[in-house]
Amino acid sequence: MFLNAEIHSYADARRLAKRRLPWMVFDYIDGAAGDETGEVLNRETLKSIRLQPRILRNVADRSLSVSLFGKEAGLPFSIAPMGMCDLARPGADKLLAHLAAKHSIPLGVSTAASSRLEDMIELAEGNAWFQLYFSGEEKGALELIERARIANYQTLVLTVDTPEVGRRPRELRRGFKMPFKIGPSQFIDFAFHPRWSLTTLVKGRPRLANSDGYESSFVRTASRAGADWSFLEKVRESWQGNLVVKGVLNVEDAMKVKEFGADAIQVSSHGGRQLESTPPPILALQKIRQAIGPGFPLFFDTGLRSGEDIVKAYAMGADFAFLGRPMSFAIAANGETGLNQMCDVLAEEISITLAQIGLTDMSGVSASSIWQ
């Protein structure tokens, strides 16, 4: 049966990825916490937000560039930090870096990346932010901060919403572990997906590259419950560049993060992968913006699937948006071609949406862009 590999929407990328990825890998990327109602609720909430069309405004000349920490980003969205990206396809991390370089947008380089942080910022031509997990002990975290400084990262993203790794039943049913533990069910799974399996065998299975050769290693399932405000204070003291705190959903927490000297907050529920009963992050974004005021940078991720979603995030208070699953699925669907198609789809959708609501750039998007 002929399989059309063109990507015209997120749904296309996901459908193609589901065909091509082992069930275990697809469910790792696609899954969320518990029965996944939290991620479903966020998507439903995003869908329920209506934008206000406007007419007879000259919108012939439109720009998608935005200012981000004093630099111009070519697009109003970029790539969220994702661990073990090479599960989607060998070399996926590098494809994401090339995309970041092409559009001058920040690539989130995860502590759990499949490629070394030093290599990723070079490939991204400087368009990379390093994302730090508290590894359970401060020595390893501070070592990573120092590596990021030496590698010339200008922005550090501290993820704070993973005191314990969320319970994701789809992963558990598939027996997903890193490194892979191959039993009978995984063997059958890989056998039914020979292209992924053979490519991974030839290229080498994904690894946690930032742990290679270092005394402190990243363990995906390790407890990070010991992180507290004093740890944030130590990170702020250790890092002289831009500091983004990611995973904030509470107004009081957001205000305190600002007081501790962070340069930006990323509102996120970790893609719905941590707590099923989380409030819809898009509504948390709105509340935090109202409380923190108009000048402080707020970024957003979780559940964004289209250009219209990205415009809605800006209307609810975001200054920039990040996506994860759409990029992974696009790579799984058709490699670099798929990734570029997904990026182009999102950009075109944003441009068309701006025209429909009577705007020529993202700076004009505000609460008034939402239909009341």
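Buried, in what follows, means under 20% relative accessible area, with exposed over 50% and partly exposed in between (1.4 Å probe, protein chains only). As a reminder, an α-helix has 3.6 residues a turn, so residues three or four places apart point the same way.

A word on ground rules: this is a predicted model, where local features need pLDDT of at least 70, side-chain atom pairs count only at pLDDT 80 or more, and totals for chains, interfaces and linings use all residues. Residues are numbered from 1 along each chain as its sequence is written, and side-chain values use heavy atoms, with hydrogens and water left out. Helices (H or I, at least four residues) and strands (E, at least two) are DSSP runs, numbered from the N terminus.

Here are two of the helices, with the expected span taken as 1.5 Å times one less than the number of residues.

| Helix | Residues | Length | First to last C-alpha | Expected span |
|---|---|---|---|---|
| H4 | 92-103 | 12 residues | 17 Å | 16 Å |
| H6 | 138-150 | 13 residues | 18 Å | 18 Å |

H4 is mostly covered, with 9 of its 12 residues buried; among them are Asp93, Leu96 and His103. The cover includes strands S2 (71-73), S3 (77-79) and S4 (107-109), along with H5 and helix H14 (325-356). Serine 104 follows H4, and its phi is positive too, near 55 degrees.

Now for the core. A nonpolar core is a set of buried Ala, Val, Leu, Ile, Met, Phe, Trp, Tyr and Cys residues joined through side-chain atoms within 4.5 Å. The largest one has 114 residues, and Phe77, Leu96, Val109, Phe130, Tyr153, Ile265 and Ile310 touch the most other members. H14 gives the most to this core, with 14 residues. Beyond its neighbours within four places in sequence, phenylalanine 77 is in contact with residues including Ile105, Ile310, Met327 and Ile350.

Methods: Contact means heavy atoms within 4.5 Å.
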